[in-house]
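Here is a short report on one protein chain. Have the sequence and the 3D view ready.

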Amino acid sequence: MPAKARDKTGKKLVIVESPAKSKTIAGYLGEGFEVTASVGHIRDLPQPSELPAELKKSSVGKFAVDIEHDFEPYYVVSPGKKKTVAELKTMLKDADELYLATDDDREGEAIAWHLLEVLKPKIPVHRMTFSEITPESLRRALNELRDIDTDLVDAQETRRIVDRLFGYELSPVLWRKIKAGLSAGRVQSVATRLVVERERERMAFRSASYWDLLAVVEPVEAAKGGSFKAKLVQLDGARVASGRDFDDRGQLKTRGAVHLDEAAATALAQALGGAAFAVRSVENKPYTRRPAAPFTTSTLQQESARKLGFSTKTTMQLAQRLYENGFITYMRTDSPALSDQAVNAARRQAAELYGPEYVPQARRVYKGKNKNAQEAHEAIRPAGDSFRTPGQVRSKLGHDEYRLYELIWKRTVASQMADAKGATSTVRLGAVAADGRDAVFTASGTVITFPGFLAAYEEGRDAARDDEDDAQGGRLPSLDEGDRLAPQEVTAVGHETSPPPRYTEASLVATLEERGIGRPSTYATTISTIMDRGYIRKRGSALVPSWIAFSVVKLLEDHFSDYVDYDFTAELEEGLDRIANGEARRVDWLNDFYYGDRKETGLQTVVNDLGEIDPRVVNSIDIAEGITLRVGKFGPYLERAGGDDAEPQRANVPEDLAPDELTPAKAVELMETQGPGERVLGQDPETGRTIVARDGRYGAYVTEVIQEPTEEELAAQPVEYYKNGKPKPPKKPAKVKPRTGSLFKSMSVDTVTLEDALKLMSLPRVLGTDDDGQEITVQNGRFGPYLKKGTDSRSIGSEEEIFTITLEQAKEIYSQPKTRGGRTAAAPLAEFGVDPVSEKKIVVKDGRFGPYITDGVTNITVPRSTSIEDLTREQAIELLAEKRAKGPAKKPVRRKAAAAK
């Protein structure tokens, strides 16, 4: 008997990615629609260790991708999404139509495809896309439904597979040769290389000193105007050297330029003190400045870093919330174009707020410059066919959300406003010095006569090298050629050339986009990853590479040069674009990448033919004559060979010392002031072992030296035999762990004695047992000396008490009520005001596992890539919000062992 047909319910199920987005959309779609969220991807590639046993030894086993059969991925529903999938299937049973309304990009298209593959709906399915969450945009989307774009899905899947191949082939090499836990990535490794290369340039840089003159002059005719500043640019017809005339080795590179030192500049200034100055030329040019284009993902990240101080990660999280709640358009876009509705809204608002003269007659049209532009989206702008001003939305947004919305609103409105107009004047003036030399000075100034778009917004810029603008930008008097000028002051000014500026998040994003490396939508994740891996840390806004990043980049450059080559990486991105546009097949492209083609060697061949890599070479950098920096298991240290077969001298490198600050002179200073790396104290009278004091990365300590067994001792071991009578090879004795002990604060490697060392290595010291039979010990810890009885720890006064405290005194301490942490609460390391969510005070405290941020309800460890000094209020709020979003950590389920039968 055929199954009974299900009655129509009229219900339409809409699936989006995020709960916040679903809530906003549900409010606009109204009755008949049920909106729910998948909460991102519902399935992904598993770890190879999670594969079924029968697949682990197959061609799928290495990557969870079948590299022998068209690179077919093996997907599994993520463990945390099984409940979500079950709920979606239940909701689907009562629906007559399914609308897949995930984001309109490759990632969103792939999420929609995975939902279709897993849910297997038997009702009509529609792909619904929109760039903003407003009633009018959703109405348009319902009238423009389409099918899933399999080309976009293929491009996303290819990117996921190539990242898996890249990471799983290269990362193990880093583990073996540098340090466990490191990772290599298609974009992250190239981004790290950029930062390391900039630091290398700074390390190689040698500054040059140069001088020039700054004159303050005023027209002899008072009616002409007041005084102004002018800078020396020419001496006896030759150009006076400025910062741009020197190379990075500190050498003058411009032929014929005059290099003034302090003595020459001072003498010239004195010789010009009473000279007659006159205007030799005046050049007036009209000044016009056009507004910047509306925001793309990349330019929004750059500008919010410059103007608001936000990290790329914070910017994208705030933009995501603004989009999901219907305040801005979709925040992942490469296009600066505005829709007709948006152009009209911007022009209308500019005219209302600033006047009709601030709106040009012709509409402004912007086109993207990015050759790798992804799917055609609109620019990031305020949502709707008419824009809400920042004042109208302020009460609905958090502090940082409001600041970002205001930035987006200003940039969008300004993009449709009139040019700024004015005039730029450049004046050249000269004088003959007392010694007969002819000196030419110049001054320039711009006067804005009509502000145009500047009334709403002015774009920021990154710091440039050797900026010298003492005589630039000010308003100049009305001057004519031949006008006489009186010098009020002529001063010699000294300068030093500056090294290339370190990357900031803004400038790194700009460079990655300019080179076509990766996608702007992934830059926030890329930068977060290289910081979390310990490759990069922030000092203020500057990105500083670690020494381990130098080792990683060196290994990749020497042995995987193509895969950190900027052009090669950009070509990979172009290949993904061709797949997305239907111009290339994913299987062919992946075959070429992994197995190679006639022109290029594939990744598999490069890895298989790797040859021997010497870890010592990879992890060594020459710093000074005879001094080498080594990247060791416990961090970087300096090493200098000892004479006459003596042990090398070593010195730890301070964690807060940037690579470019480790100059040859600094290296010598560290070697000479850090004291001996190791000092022999004598022999333990009981064991006969040598006791030494050492300077370790985490402080000074004493330990015993346990010698490796000699060949004679190994040969003297009893011989064991196999059942066939043949002798077994001799076993290597199990390694004995040496006793160690940290030095007290009052001790040093230079002063500690053998007696002190033996006492320290005897810890913990057993005092005896309490009345309940529990053992009480005393020992030293990270936070000072303490007593321990079972799980109950109590702090004691000083380190010296460790060897003097008695059992009776310990019992007395335990008889007292325990205070929190066994001691008075320490003052917070930092305070950041009240959290906008919990409305409780945010502080940074020093915890057992390092500094952590807390509002008294939620705790989150301070990322190791961020120092407490660099931590901002916005970052603290962001980290607490992320921790709250994750919810409490799930406790592992303990399974009972099956009873034996």
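Leu638 touches Ile623, Ile627, Thr628, Leu629, Gln649, Arg650, Ala651, Val653, Leu662, Ala667, Leu670 and Met671, leaving out residues up to four places away in sequence. Contact here means heavy atoms within 4.5 Å. This is a predicted model: local features need pLDDT of at least 70, side-chain atom pairs count only at pLDDT 80 or more, and totals for chains, interfaces and linings use all residues. Residues are numbered from 1 along each chain as its sequence is written, and side-chain values use heavy atoms, with hydrogens and water left out.

**Nonpolar cores**

Leu638 and Phe560 have the most contacts inside the largest nonpolar core, a set of 96 residues. Helix H6 (residues 150-177) gives this core its largest share, ten residues. Another core lies apart from it and has 53 residues, including Leu300, Met331, Ala350 and Val413. A nonpolar core is a set of buried Ala, Val, Leu, Ile, Met, Phe, Trp, Tyr and Cys residues joined through side-chain atoms within 4.5 Å. Buried means under 20% relative accessible area, exposed over 50%, and partly exposed in between (1.4 Å probe, protein chains only). In soluble globular proteins, nonpolar side chains tend to be buried together.

Strand E20 (residues 635-640) is largely enclosed by the rest of the structure, because five of its six residues are buried. Helices (H or I, at least four residues) and strands (E, at least two) are DSSP runs, numbered from the N terminus. Two strands pair if DSSP finds at least two bridges between them. A hairpin with two residues joins E19 to E20. Val631 stands opposite Pro636 in E20. On the E21 pairing, Glu639 has Arg650 as its bridge partner.

| Strand | Partner | Bridges |
|---|---|---|
| E19 (residues 627-632) | E20 | Six |
| E20 | E21 (residues 649-652) | Four |
| E10 (residues 228-235) | E14 (residues 438-450) | Four |
| E13 (residues 420-432) | E14 | Twelve |

**Strand E14**

Which residue in E14 is the bridge partner of Leu232? It is Phe441. Leu429 also stands opposite Phe441 in E14. The hairpin of E13 and E14 has five residues between the strands. Gly436 in this hairpin takes a positive phi near 95°.

**Met316**

Met316 is found in helix H10 (residues 312-324). Is Met316 buried or exposed? Met316 counts as buried because its relative accessibility is 8%. Beyond its neighbours within four places in sequence, Met316 is in contact with Thr297, Gln301, Met331, Arg332 and Ala524. Met316 and Ala524 are 208 residues apart in sequence, yet their C-alpha atoms are 7.2 Å apart in space.

**The whole chain**

The protein chain has 25 helices and 33 strands. Of its 901 residues, 46% count as buried. Its C-alpha atoms fill a box of roughly 105 × 100 × 70 Å, taken along the principal axes. Among contacts between residues at least 6 apart in sequence, 68% join residues at least 24 apart.

The chain exposes about 47,000 Å², and carbon and sulfur atoms supply 49% of it. Accessible areas come from the Shrake-Rupley method with a 1.4 Å probe; for residues, only the protein chains shown count as cover.
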